[in-house]
Amino acid sequence: MAIESMETNKGRELTAWKGIRVAVTGGTSGLGLALVRMLLDRGARVAFIARNRDRVERLVRERTHTRGITGDVSQEGDIYSIAIQILGTLGGLDVLINNASSLGPVPLAPLADTNCEDFELALQTNVLGPFRLTKALLGALAASAREGGRPLVVNICSDAAVSAYPNWGAYGASKAALHHMSGIWNAELASQGIQVISWDPGDMDTPLHAAAVPDADSSALKRPEDAARELISKITDLVSPVTEVTQ
Amino acid sequence: MISASVPLQRPAGARLLVVDSGGRIRDMLRSSFPTLLRFGDIVVANDAATLPASILGVHQRTGRSIEVRLAGSESVFHEDIRQFSAVVFGEGNYRTPTERRPSPPELRPGDTLQLGPLTATVLQLLGHPRFVMIRFEGPSASIWEGLARYGHPIQYAHTPTPLAVWDTWTPIAGPPVAFEPPSAGFALDWRTLDAIGRRGVHFVTITHAAGTSSTGDAELDARLPFDEPYQIPEATAQSIRSVQATGGRLIAIGTTVVRALEHAASVHGTIRETTGLATNKVGAAMELRVVDAIVSGTHETGTSHHQLLSAFVDRRTLAKMDEILHQHCYRTHEFGDSVFVEKSRDRAAWMEPVVFVTGHRDAEVLTKAISV
């Protein structure tokens, strides 16, 4: 029974994403990169955003059907340029995955030793960036709902949003804000048919984690591909059109 | 009227002059707009986002500086990002009123325009020395990036501070296909949309590539509005037909919605899912088939937007409305106040409009309370 259900889910994953328009921030490394590749494999139309032009162009060469956008979500002045390119190249939007993250100070530091500028960078990247980009794209997401889609915003969060880990102050506080903002967006946007969730992928073997915990045993960490698979499995039902159940 | 010179989409005191189907005129706060709607009505807005369609650059053959303002395109399909009609000015920027802007160098087919990172070729002149068809070179992703990063919103001298793209996007903006903002939609924040829904009023959108509103040349301005492509989604068409069947009113947010819906109705006889190129001019000579009321800016007499209102009300009502707008210092242009004009029940009968502008409860927020 359980196996049958898993297979049904997998089958749905292979069809549900066909033609769905997805934007992923932080798309050239870690979880973002894994999501871009897997969503493309499932037939989604994917635009990704990242800061480094060379890395963006390299991924576009690897996956020619994807749309790569060079931009920095922590920069207010980049947001509308990113939004125009997402909407221009995809022709609309169904799913936004706010994945790009900043640790704040690197190496990690106690709050008492954290520079205000590093804290601000964490807030700009992890809270204000997702807020601004979501706001700029709300019209397109609402249009998706009016046209029968089930638009979704996924904010990639962390257990540091709820647990008080020493040295993770800037990151944890900013992710706590992102997590709470997700819940409020979700409550407010229900009337427009837009869903907003936050999701904690767990500790992954990514460049961000390596910067935070340089001596971690990477073999004990979750592979970003596994986290991407989990997330896609979790949200497939959320983006699938509601179908009438016939008896 | 006075110019609204600050790019604030929804100032707290924004006003709405209301002309109902019986020709009665009153004013209210624009934020109270949902109270004008009745259960079973439908509100149709234009969800086009505005491109940063002003691009500074160089006319290669002469080496002279130019400003290119994209003015129109053939379709709202996102991959049609290559070919545009455009108005070209000589050196300078928006701070000089358009009518005083210098002409561009002589433009010839085949001329290259270097516009920052974008390269365009002049394909043909469109019956005027500063109005041309151009074609951008390169892959479409590069054109999108070039426009997004290098273009600026089209802007006029009445707004002195440089506009950011976010100043020009309505809250509901989606497909970036408009050349100037469909600014009647500035009034629609998400709170208003929720209020509309709670009244049992439908809200749907079309996408209409609103074109340029002024070229600085009287001969060219007389050709406005240029042809504008639009798309009516299936869900929108269905909702409109069901509201029509039950006798609800259709309220258009902005002139672009009127133009698109009336064009579609004239072509197809009904509103259905379609894409089209609006070539029509809406005015006194035209019978409205679909739209019952419009929310629009306060437009100066003689503009095409102003002429469009004469499809809704007779000449005398329109004149009375203009008089009140001027007397009571309504603010004009895209960041200004608004009007709500309902189609006259009997447009043929030239009744003296009854004016009973009410004492406004929130009169202190108005620039000047109306009393007639």
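**View 1. The open sheet of chain A is built from six strands in the order β3-β2-β1-β4-β5-β6, with parallel pairing.** Its edge strands are β3 (67-70) and β6 (195-199) of chain A, each of which pairs on one side only. On average, neighbouring strands of this sheet are turned by 15° against each other, direction ignored. Axes are lines fitted to C-alpha atoms, for helices over the stretch in contact, and angles run from 0 to 180 degrees between N-to-C directions. Strands pair if DSSP finds at least two bridges between them; helices (H or I, at least four residues) and strands (E, at least two) are DSSP runs, numbered from the N terminus. This is a predicted model, in which local features need pLDDT of at least 70 and side-chain atom pairs count only at pLDDT 80 or more, whereas totals for chains, interfaces and linings use all residues. Residues are numbered from 1 along each chain as its sequence is written, while chains are lettered from A and ligands numbered from 1 in the order in which they are written.

**View 2. Strand β5 (residues 152-156) of chain A pairs with β6(A) in the parallel sense.** The pairing extends over five bridges. A:N155 stands opposite A:S198 in β6(A).

**View 3. Chain A as a whole holds eight helices and six strands.** Along the sequence, the pattern of chain A reads α-β-α-β-α-β-α-β-α-β-α-β-α-α. Chain A has a radius of gyration of 18 Å, close to the 18 Å that the globule rule gives for 247 residues, so it is as compact as a globular protein of that length. This radius is taken over C-alpha atoms, and the rule is 2.2 Å times the number of residues to the power 0.38. Of the 247 residues of chain A, 49% count as buried (20 or more other C-beta atoms within 10 Å of the residue's own, C-beta atoms being placed from the backbone).

**View 4. The contact between the chains takes 23 residues from chain B and 18 residues from chain A.** Two residues are in contact if their C-beta atoms, placed from the backbone, lie within 7 Å. On the side of chain B that touches chain A, at least two residues each come from α1, α2 (165-168), α3 (190-198) and β13 (202-208) of chain B. The largest share, five residues, is supplied by α1(B). This side of chain B divides into 15 nonpolar, four polar and four charged residues. Ala, Val, Leu, Ile, Met, Phe, Trp, Tyr, Cys and Pro count as nonpolar, Asp, Glu, Lys and Arg as charged, and the others, Gly among them, as polar.

**View 5. Helix α1 (residues 140-150) of chain B has the buried residues B:W144, B:E145, B:G146, B:L147 and B:A148.** These buried residues of α1(B) pack against α4 (76-90) of chain A together with β10 (118-128) of chain B.

**View 6. Chain B is divided into domain 1 (2-49 + 163-365) and domain 2 (53-150).** The bounds come from an automatic or database domain assignment. The C-alpha centres of the two domains of chain B lie 29 Å apart. Their contact takes 21 residues from domain 1 of chain B and 18 residues from domain 2 of chain B. On the side of domain 1 that touches domain 2, the elements giving two or more residues are α4 (218-221), β14 (228-232) and β16 (274-278) of chain B. Strand β14(B) provides the largest share of that side, four residues.

Conventions. A residue is buried if 20 or more other C-beta atoms lie within 10 Å of its own, exposed if 12 or fewer, and partly exposed in between; C-beta atoms are placed from the backbone.
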